[in-house]
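Subject: Handover of a structure for your study

Dear colleague,

Please find the structure for your study below. I would ask you to keep it open while you read the notes that follow.

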2 protein chains.
Amino acid sequence: MAEAPAGEFGLIAALAELFGPSPPEVILGIGDDCAVLDPGGPEYLLWTVDTLVEGVHFDLAWSSLRQLGRKAVAVNVSDLAAMGGRPAYALLSLGWPPHRDLSLALEVGEGVAEAAREFQVAVIGGDTVASPLGVTLTLTLLGRVPKEELLTRAGARVGDGVYVTGPLGEAAAGVEVLRRRLALPPEVREPLVRAHLDPVPQPAAGRLLAAKRLASACIDLSDGVASDLGHICRFSRVGARVEAARVPLTPALTAAARLLGLDPVAVALTGGEDYQLLFTSAAPEATLKKLFRSAGLAAPTRIGEIIPGAEVLLTGPAGDRVITGRGYDHFRLDREQEPG
Amino acid sequence: MAEAPAGEFGLIAALAELFGPSPPEVILGIGDDCAVLDPGGPEYLLWTVDTLVEGVHFDLAWSSLRQLGRKAVAVNVSDLAAMGGRPAYALLSLGWPPHRDLSLALEVGEGVAEAAREFQVAVIGGDTVASPLGVTLTLTLLGRVPKEELLTRAGARVGDGVYVTGPLGEAAAGVEVLRRRLALPPEVREPLVRAHLDPVPQPAAGRLLAAKRLASACIDLSDGVASDLGHICRFSRVGARVEAARVPLTPALTAAARLLGLDPVAVALTGGEDYQLLFTSAAPEATLKKLFRSAGLAAPTRIGEIIPGAEVLLTGPAGDRVITGRGYDHFRLDREQEPG
């Protein structure tokens with residue numbers, strides 16, 4: 001028997017070792033946002049799976065079943081977006097408690113169907129199982145990307161800018177607002193709660209970066225910048241410096257963080273579930289901003305740069321400190337970590 | 001909101017309606033063992049997903065974590081076998097309770113890796129999530145089949161023989177032996193328990209039938225003959241007659257059924273989890289048996305024939321009775337149904 005792996009990423013590394021090397025047509029196996037297969041022809045197949053578990057990823061006291069269905073599609077679309085891909089097909093495996101009204105399971109299906117239409121995904125099969133202790137939702141998604149446009153976590157180079165496609169931390173603050181039942185003004189509460197319950201993935205931004213070959217590395221922000229930028233650094237064998245003053249914060253996040261007694265920049269960098277894209281690019285910031293705007297997308301924000309080394313540094317008023325890997329880990333139980 | 005769907009199959013039909021029509025390159029969507037995609041070229045892609053839930057599909061009091069990992073691969077390989085396919089790639093989504101020792105999660109991985117090697121499947125990615133209330137295991141599998149060899153549930157014709165690739169009911173009896181903690185002689189107990197804990201899918205039989213174009217319809221026996229032959233009849237717009245005296249029973253099943261006070265033929269036809277193939281064929285029985293034997297496989301058993309109509313009939317000493325759909329349904333809660 002192997003030694004106990006350290007946390008989620010230790011477990012994934014240990015599993016990857018057990019599963020051994022992949023055949024040559026597998027371009028990327030365990031470790032990136034999607035598995036990448038070469039089926040012959042001009043495109044790669046991208047393949048991902050994500051599971052949402054009641055009581056961990058959602059609470060039906062807050063989340064509607066329709067939102068849950070939408071979210072299952074969104075988080076998978078986000079994995080494809082990170083690799084520059086277009087989603088195409090999905091299978092849905094729904095675990096439903098036998099004593100709950102089965103007609104309510106259709107509300108989950110309605111949410112899946114709605115988001116699938118939005119992202120042009122055809123849901124073409126799946127599985128339904130009894131799950132006595134809570135609702136579970138697994139969606140697996142197949143998509144495509146032209147071979148020369150594939151984005152991965154590897155490829156960031158020293159000097160590249162580090163960018164995010166939108167504001168950070170809102171979903172992490174939103175789940176905390178819900179958990180603590182905080183009474184907040186609606187203009188603070190609503191965007192945060194919505195970011196958690198109905199996240200918006202960024203496939204158009206991923207496609208734009210891919211088609212224009214402007215990103216040297218890309219990942220979707222599911223665990224937070226500190227953790228996810230750490231993955232880019234590890235795969236690219238570089239370090240990164242993030243400037244605290246450049247981290248995009250919304251007024252709602254700043255207000256909520258103060259009420260929660262938290263540093264808004266810490267929430268933004270270590271909270272999870274942003275589902276924005278984090279990418280690195282050698283292109284000038286102005287070029288990227290102009291390109292995004294002319295495609296009808298919000299301009300990305302440069303939050304830092306790639307540097308030599310192996311750590312993610314946060315530069316603030318008090319100097320640099322290392323924040324590598326300080327994201328949400330599903331298997332770390334200490335209560336200090338931000339919710340994801 | 002839609003009306004409450006009747007049971008698992010009602011739910012699946014209602015979901016299929018929500019998800020709407022598939023694009024033209026989707027050869028088969030919801031309803032068969034796998035989704036079938038045409039990526040161009042000489043082969044179809046086959047894609048399936050199956051979830052195993054603690055307390056429903058397995059009990060860790062009986063099943064080892066390694067067996068659980070093996071079973072997740074086996075049930076998915078069985079879905080591909082039913083369509084004549086060769087499995088190729090898998091993603092694993094593992095839900096693990098945060099308070100359980102993470103090193104034990106690797107035992108599940110060892111079982112997955114072992115079965116994956118056995119069936120030549122490369123595990124190339126997945127997801128790990130916290131699942132506080134129990135272990136869950138979702139495996140999604142991609143495989144291939146030459147286009148002209150695809151087996152489906154549709155295609156059975158009146159006069160075709162109905163065949164199964166091996167004995168039935170052992171897994172259903174095995175789970176009951178475990179639940180009731182029956183003390184049985186080892187030669188009775190062990191094959192039954194093994195059939196439940198470590199099922200053996202039949203991809204070689206599926207490939208043989210596909211390559212020789214000998215099956216007019218095929219399905220894998222996950223819910224039992226009464227239910228699964230019902231699916232073939234529905235998709236093929238025919239009926240079927242099963243002869244009770246021809247249903248292949250092992251001595252262990254017959255002995256256990258007597259001790260349990262059950263009719264062994266009823267256990268064999270309505271129990272689930274056989275993971276044998278059920279197929280229809282116009283070929284002479286002797287031809288099929290010879291072909292299987294010369295490929296090193298156990299000869300299939302002819303258990304009945306396809307007839308006009310829409311029902312599955314069981315012919316026994318007392319005449320014919322309708323058994324359509326009397327298989328295991330995950331959402332039926334009456335205690336009369338056989339375990340699956």
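Two strands pair if DSSP finds at least two bridges between them. With that in mind, strand β2 (residues 35-37) of chain A and strand β3 (residues 43-53) of chain A pair in the antiparallel sense, with three bridges between them. In this pairing A:Val36 stands opposite A:Leu46 of β3(A). Please note that the model is predicted.

**Chain A as a whole**

Chain A contains 10 helices and 13 strands. Along the principal axes, the C-alpha atoms of chain A fill a box of roughly 55 × 55 × 50 Å. A compact globule with 340 residues would have a radius of gyration near 20 Å, and the 19 Å of chain A agrees with this.

**A sheet of six strands in chain A**

In chain A, six strands form an open sheet with mixed pairing, in the order β1-β2-β3-β6-β4-β5. Its edge strands are β1 (26-28) and β5 (122-130) of chain A, each of which pairs on one side only. From one strand to the next, the twist averages 20 degrees. Helix α2 (residues 65-81) of chain A packs on this sheet and touches β3, β4 (86-96) and β6 (136-146) of chain A. The direction of α2 makes about 145 degrees with that of β3(A).

**A sheet of seven strands in chain B**

In chain B, an open sheet of seven strands has the order β8-β10-β7-β11-β9-β12-β13, and its pairing is mixed. The edge strands here are β8 (217-220) and β13 of chain B, each pairing on one side only. On average, neighbouring strands of this sheet are turned by 25 degrees against each other, direction ignored.

- Strand β9 (residues 239-243) of chain B and strand β12 (residues 312-316) of chain B run parallel and are joined by four bridges; B:Ala240 stands opposite B:Val312 in β12(B).
- β9(B) is also joined by four bridges to strand β11 (residues 301-307) of chain B, and these two run antiparallel; B:Arg241 stands opposite B:Glu305 in β11(B).
- β12(B) and strand β13 (residues 319-322) of chain B run antiparallel, joined by four bridges; B:Thr315 stands opposite B:Asp320 in β13(B). These two strands form a hairpin, with two residues between them.

Helix α7 (residues 225-236) of chain B lies across β7 (161-164), β8, β9, β10 (277-281) and β12 of chain B. This helix runs at about 145 degrees to β8(B).

**Helices that pack on each other**

Two packed helices are described by the angle between their axes and the distance between the axes. In chain A, helix α5 (residues 186-197) and helix α8 (residues 251-260) pack at an angle of about 105 degrees, with their axes 9 Å apart. Angles of 65 to 115 degrees count as roughly perpendicular, and α5(A) and α8(A) are therefore roughly perpendicular to each other. In this contact A:Glu187, A:Val188, A:Pro191 and A:Leu192 of α5(A) meet A:Ala252, A:Leu253, A:Ala255 and A:Ala256 of α8(A). By class, these residues are seven nonpolar, no polar and one charged.

In chain B, helix α4 (residues 170-179) and helix α5 (residues 186-197) pack at about 105 degrees, with their axes 7 Å apart. This makes α4(B) roughly perpendicular to α5(B). Among the residues that meet there are B:Ala171 and B:Leu178 in α4(B), and B:Pro191 and B:Val193 in α5(B). The contact has nine nonpolar, two polar and two charged residues.

**How the two chains are related**

The contact takes 62 residues from chain B and 62 residues from chain A. On the side of chain B that touches chain A, β5(B) gives the most, with nine residues. The residues of that side divide into 37 nonpolar, 19 polar and six charged.

Yours sincerely,
A colleague

Conventions
Residues numbered from 1 in each chain as written. Chains lettered and ligands numbered in written order. Predicted model: local features only at pLDDT ≥ 70, side-chain atom pairs only at ≥ 80, totals over all residues. Contact = placed C-beta atoms within 7 Å. Nonpolar A, V, L, I, M, F, W, Y, C, P; charged D, E, K, R; others polar. Axes fitted to C-alpha atoms, helices over the stretch in contact; angles between N-to-C directions. Parallel < 35°, antiparallel > 145°, perpendicular 65-115°, else oblique. Rg over C-alpha atoms; globule rule 2.2 N^0.38 Å.
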